[in-house]
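Please look through the sequence and the model shown below before reading the notes that follow. They are arranged by topic, with the working definitions given where each term comes up.

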Amino acid sequence: MTALAIGGTNRKAKIRLGPIVERVLGILILLFAVYWIVINAIDGPDQFVGSVLVGLQNGALYALVALGYTMVYGIIELINFAHGDLFMLASIVAANLMVNVLGVGDLTTATILPLIVALVVCMAFGAFVNVSAEFLAYRRLRTAPKLAPLMTAVGLSFVFRGIAQQDYINGSTQKNWPVNWGGPIIEGVYVYKLLLVLVVTIPLLLAMTYIVARTRRGKAMRAVAQDQDGARLMGINVNGTISFTFALGGALAGAAGVLYFLVQTQTYYDTGTQLGLIAFTAAVLGGIGNLTGAVVGGVAIGLVQALNEGGAHGLGSNWSQSLVFIILIVLMVFKPEGIFGRRTTEKV
Amino acid sequence: MTQAPPRPETAGTPDPVDVNALYADHITIRFGGLVAVNDVSFAIPPRSVVSLIGPNGAGKTTFFNVLTGLYEPTEGAVFLEGRDITVVPPHRRAAMGLARTFQNIRLFNLMTAEENVMVAMHSHLRSGIMSTVLRLPGQRREEREARDAARELLEFVGIGKAEGELARNLSYGDQRRLEVARALALRPKILLLDEPTAGMNPQESELFNQFVYRVRDEKDLSVLLIEHDMSVIMKVSERITVLDRGNLIAEGTPDDIRNNQQVIEAYLGKTGTREGRRRA
Amino acid sequence: MTTTLQRPPATGRGPRRSGPGAVARFRWPAGYVVVIVLLFLLYQSILPTLVTPVANGIASWLPVATINECLMWAIMALGLNVVVGYAGLLDLGYVAFWALGGYTAGWLMAAPFNWTWNVHLATAVPGDYPGTHINFWFVIIIAGVLCAILGIIIGAPTLRLRGDYLALVTLGFGEVITQFFRNSNNIAGLNVAGGDGGISSIDGIGTGPFHVVDKSVPQALSIDSTSNTYKILVLGLLVGVCIFVSLRIREGRLGRAWLAIREDELAASMMGVPLVRAKLSAYAVGAFFGGIGGVANASGITGAVSPSGFDFGKSVLVLLMVVLGGMGNVWGVTIGAFLLAWLNGNGLKQIGVQLDSWFGWGAETWLPRYNFVILGLLLVLMMLFRREGLIPEKRTKALLRTPNRTEMESVGADITEAEAESEAAEANSGDDAAIASAARDVSPVLGQAPSARDDGADGPDGVVRADGAGTSDGTGADPAARRRDETGDVSR
């Protein structure tokens, strides 16, 4: 016969060890993590409860910052290195506004009004700075090779840090603010702190989901994220939509700044880099570009970090940055697309 | 790894893995719930010129990506000269003799034509960091030979004078030629050409047909063409495989394909109208 | 737009051998040597003879210590240039290698944490000094290798990912290394690297090179460890070696692979370039240089290492040197490093002093404090207005100036293609069932494909053969074979 021989073969496919080993290792690591959490819970139940509360509180903050990363990445594929530092600036603005201008000291129910003022101001501040950065820098680099906007973001991050380091802003050491918390304490956690964070964060997250999923703006955002040219042809204002995304991200960072200041009662110029790294890890953990993922990732990392710092078998806060980094590396190896993300391959 | 169920060896039917230069066995690719390629078997005999065609969205590109190693098939296996390469990464496939060009020319724009070709020799060259830094005699000889080979290849595709030009400054046609030269530098056994005649006029297409056979004969390899334009393919191919919406609907000589009812329908009938709707 | 890279379309053997470029090729290396020698002579012989105002001017604007710092930073910038400039990988944690190099020097060239043994190897340190004292040149190699290994370990899991992820992972790596050294006084109960205090009194460069133990060597060769002037020669030599290696390496097989990856990763892999290996080697070479820079810094500049010196700011400073000078261009990067190291070390302060003497702003104190802001702004402005740097690499100029049109187009085309494909697949499985069933009607075999595959006896299964399934006499039916029968039967 001269027709092509395409009748099928008896060859056995090779058994591949790689994926199996990878899967087994991944499961082992996961099991170890679960085991670690469980023995923490068994050996120190009180610390465990406290850590979970702290983790929730910090995780909510991380989620707010992570959302800013994930949205900007989702729409223009830029890791906005300056985002963490924007958050840091917002925390300084919040501190100065609440303590120096509005005279907040002991936190009581009367603080609610200054809090709302600070939230509004800081969110506006964050949005304004982020949109300006987009307008002045990133927008001009949209057609440039990817390295250029990335480096610009690094440069801006540097500028923000440099500004915060000035003595008349925050100085180059940690600055403690005379803000005092009261109320009940469970396992070393101020209940009101946790409540405050949740009360502010949850509505914000819901609002964000609503905006992206339901509104016209949100639809435009998703369209631009998929295909800028296509969106433009469909009459969507691409520049406006991208600006809007930056504004949302900046506003969230602003809100996170206020909360961070109130929770930690201190400000530091290096917070941005540290927390930014954590928040980005959270975004990657959840699947970058995915809003729910960012929130879940933020809370997860918050919990792990809190357990590490306060749990019975934790390594202590000296190593928290390293722990987050190890999570990031493990993620990169085993599940770079994150929990909710989809694996993407370049098309030819 | 999934595989075709073993079947009894029937007399007179040689194992396609052995007789073909490349054989793709029951390839299925799913993206989530979407079946992009559905149980397609495909063979490239040694020293042949075969084509894979299909209307837009037929799954050609996806299938092609399985052959080159960008995608791993959900089911099925790919064999290159009897070796299972289903999970071999793209660069190793290239080194094993599977070379390709790109539908949208993807040269290294800021490297010269000669350097472009020499990049593809990477897997054949040996010199490491130390010998490069110290420029040991072995490395110098190797570089010289590579450069000579690169120039020969550029001559072969007809752009011998352009060796020092940056790839981005070449004309469109020359860029296509350079892509072929670059692919040939891998000393391939199979050359995959992805829509090679896109943007060519009829005369150029005619020249291209001759060129394909010259490459096949002089470089002793098989050529696989991917096209959506039937007219080009009919002239150049020895055998044609037609995909439509992920399914293999026909395989045969150009004459067979021309008269095949399903192919005609796929191109003119239902798919045509649906595409018309989509464009409207 | 220049169309050729300084190479006439000659038929000679190598472009590097073909005449006209030869002089140009040695202009920069010769210039570099002259500059280093002149600088050395300036501080060694000329400066003491000058009149005081001129000598003081030079000493305050360009002190010897700053020159040495500039040279040390040039090593770092050249290393990062291999990673960022050659291979196009953004590394934001380069400081990690600097730190590790520094600590290697601390471990091998000092007596930290009351070490009681004394290991000496070809060093000028008096034999009864406690601690480990190994010759500077050996330590450089050791540190380089150590850093390269670390680079491979850290790069292996991440380099197969997208470039922007790499930037972040390296940033994290830089932070973690600092944290490691900060906690290093108690790692599982062991003092590994002295914690916050770090390691101090590291042997100087001068105790190394030619002056082994013997004091009888001529003074020019037996370098006094306290003399900054001679360090110009030593560090200058190191920078020279780095330049040499950078230049050579880019012209070989590996350098081409890096350039190809920088331009089009996917195409490079399709042309047989192993992406991860090539990137790893770029990363390792960069790390090697970083280790050298670390030793040079710890031994030659500061004489001590502590975690606080290795912050994110240093990584960005080095990155800025590369960008300012011109990514990929070795000479540009060297000059960029000199400029910024000077500005960061002494220049800003000196400019402040100058401003004060003119306007009395008190700028001497506040201007250096803005170095972060100034450097950051500089990076942003460079990216916006002169991405190719001060002395652009010929290729990069074009790369960064214009958007890569073909890539944009291909992306567009790919999206259309992908959409069309998924749409078709959707239609196939979903609402266009009518079409699918019609197709089944036309081709019964298509509908039966799976079953045909199972029983497998009837030859070419599941496939509609245009020449009729099972007909095994296609000999004459192949026009292509007929047309070019000289090529033989294609199907055999």
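**Briefing on the predicted model**

Chain A has 12 helices and 4 strands, where helices (H or I, at least four residues) and strands (E, at least two) are DSSP runs numbered from the N terminus. This is a predicted model, in which local features need pLDDT of at least 70, side-chain atom pairs count only at pLDDT 80 or more, and totals for chains, interfaces and linings use all residues. Residues are numbered from 1 along each chain as its sequence is written, chains are lettered from A and ligands numbered from 1 in the order in which they are written, and side-chain values use heavy atoms, with hydrogens and water left out.

**Chain A as a whole**

- Of the 348 residues in chain A, 54% are buried, where buried means under 20% relative accessible area, exposed over 50%, and partly exposed in between (1.4 Å probe, protein chains only).
- Chain A exposes about 14,800 Å², of which carbon and sulfur atoms supply 65%; accessible areas come from the Shrake-Rupley method with a 1.4 Å probe, and for residues only the protein chains shown count as cover.
- When contacts in chain A between residues at least 6 apart in sequence are considered, 76% of them join residues at least 24 apart, a contact being heavy atoms within 4.5 Å.

**The sheet of chain B**

- Chain B contains an open sheet of 6 strands in the order 6-7-8-3-9-10, with mixed pairing; two strands pair if DSSP finds at least two bridges between them.
- Strand 6 (98–100) and strand 10 (247–252) of chain B each have a single partner strand and stand at the edges, so one side of each is left without a neighbour in the sheet.
- Neighbouring strands of this sheet are turned by 20° against each other on average, direction ignored, with axes being lines fitted to C-alpha atoms, for helices over the stretch in contact, and angles running from 0 to 180 degrees between N-to-C directions.
- Strand 3 (residues 49–53) and strand 9 (residues 239–244) of chain B run parallel and are joined by 4 bridges; B:Ile53 has B:Val242 of strand 9 as its bridge partner.
- Helix 11 (residues 261–268) of chain B lies across strand 3, strand 9 and strand 10 of chain B, and runs at about 125° to strand 10.

- B:Asp194 lies in strand 7 (residues 190–194) of chain B and, at 2% relative accessibility, counts as buried.
- Not counting residues up to four places away in sequence, B:Asp194 touches B:Phe64, B:Arg100, B:Thr101, B:Phe102, B:Gln103 and B:Ile226.
- B:Glu195 lies in the loop between strand 7 and helix 8 (202–219) of chain B, where it is buried with a relative accessible area of 7%.
- Although it is not a glycine, B:Glu195 has a positive phi of about 45°. Most residues other than glycine have a negative phi.

- Just after helix 2 of chain B, B:Gly69 takes a positive phi of about 100°.
- B:Val87, in the loop between strand 5 (83–84) and helix 3 (90–96) of chain B, counts as partly exposed at 31% relative accessibility.
- B:Val87 and B:Gly69 are 18 residues apart along the chain, and their C-alpha atoms are separated by 7.3 Å.
- B:Phe156 lies in helix 6 (residues 137–157) of chain B and is buried, with a relative accessible area of 11%.
- Not counting residues up to four places away in sequence, the residues that B:Phe156 touches are B:Leu184, B:Phe211, B:Arg214, B:Val215, B:Glu218 and B:Lys219.
- B:Phe156 and B:Val180 are 24 residues apart in sequence, and 9.9 Å apart in space from C-alpha to C-alpha.

**Surface features of chain C**

- A nonpolar surface patch of about 700 Å² is made by C:Val33, C:Val34, C:Val37, C:Leu38, C:Leu41, C:Ile46, C:Leu50, C:Val51 and C:Val54.
- Patches are made of residues with over 30% relative accessible area and no salt bridge, with like charges joined within 9 Å and nonpolar side chains (Val, Leu, Ile, Met, Phe, Trp, Tyr) within 5 Å; a salt bridge is a side-chain nitrogen of Lys or Arg within 4 Å of a carboxyl oxygen of Asp or Glu.
- Helix 1 (residues 21–49) of chain C supplies the largest share of the nonpolar patch, 6 residues.
- C:Val54 lies in helix 2 (residues 52–61) of chain C and is partly exposed, with a relative accessible area of 43%.
- C:Ser201, in the loop between helix 6 (163–182) and helix 7 (228–249) of chain C, counts as exposed at 59% relative accessibility, and has a positive phi of about 40° although it is not a glycine.
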